Amino acid sequence: MGGEGSMAAANNSLKNNRNLLKKKRKSSLAGSYGNLEMAEFPEATPQQLLEIEKKIRNENKQARIKQLIIFAIFMLVFLSFIYYLIN
């Protein structure tokens with residue numbers, strides 16, 4: 001009968017793909033994490049947390065100022081270009 005060879009090839013392809021999936025599942029987390037030691041980090045005092053917060057706020061403020069300056073320069077260049085096109 002016709003088509004038997006193509007059906008056998010399709011079955012072999014499905015079988016091979018299934019076998020590849022099983023290999024991927026096994027090797028995705030190969031190894032054991034049981035012997036790892038967790039790093040010890042010191043606890044932060046409330047004073048240190050306040051200093052960190054102030055530092056982050058100052059950095060954010062400076063970043064906002066830089067963004068506003070860049071935006072203002074861009075707008076001036078854009079508006080002067082538009083004015084130049086109109087005249």
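A salt bridge is a side-chain nitrogen of Lys or Arg within 4 Å of a carboxyl oxygen of Asp or Glu. Side chains of opposite charge can pair when their charged atoms come close. In the structure described here, a search of the whole structure finds 1 salt bridge, which joins the side chains of Arg57 and Glu53 at 2.7 Å, N to O.

The structure is a predicted model, in which local features need pLDDT of at least 70 and side-chain atom pairs count only at pLDDT 80 or more, while totals for chains, interfaces and linings use all residues. Residues are numbered from 1 along each chain as its sequence is written, and side-chain values use heavy atoms, with hydrogens and water left out.

**Overall composition**

The protein contains 2 helices and 0 strands; helices (H or I, at least four residues) and strands (E, at least two) are DSSP runs, numbered from the N terminus. Of its 87 residues, 0% count as buried, where buried means under 20% relative accessible area, exposed over 50%, and partly exposed in between (1.4 Å probe, protein chains only). The accessible surface comes to about 9000 Å², and 63% of that area belongs to carbon and sulfur atoms. These areas come from the Shrake-Rupley method with a 1.4 Å probe; for residues, only the protein chains shown count as cover.

**Pairs within helix H2**

Helix H2 spans residues 46–86. Arg57 and Glu53 are 4 residues apart in helix H2, so about one helical turn separates them. Phe74 and Phe78 are likewise 4 residues apart in this helix, and about one helical turn lies between them.

The structure holds 1 aromatic pair. The ring centres of Phe74 and Phe78 are 6.4 Å apart and their planes stand at 15 degrees, so the pair is stacked. Rings of Phe, Tyr and Trp (its six-membered ring) pair if their centres lie within 6.5 Å; planes under 30 degrees apart count as stacked, over 60 as edge-to-face and the rest as tilted.

| Residue | Relative accessible area | Class |
|---|---|---|
| Arg57 | 55% | exposed |
| Glu53 | 36% | partly exposed |
| Phe78 | 40% | partly exposed |
| Ser80 | 42% | partly exposed |

**Further features of helix H2**

Ser80 lies in helix H2, and its side chain reaches the backbone oxygen of Val77 at 2.8 Å.

Leu79 also lies in helix H2. A nonpolar surface patch of about 1000 Å² is made by Phe71, Phe74, Phe78, Leu79, Phe81, Ile82, Tyr84, Leu85 and Ile86. Patches are made of residues with over 30% relative accessible area and no salt bridge: like charges are joined within 9 Å, nonpolar side chains (Val, Leu, Ile, Met, Phe, Trp, Tyr) within 5 Å.

Technical notes:
A polar contact is a pair of N or O atoms within 3.5 Å; within protein, one must be able to donate a hydrogen and the other to accept it, and residues adjacent in sequence count only if both atoms are side-chain atoms.
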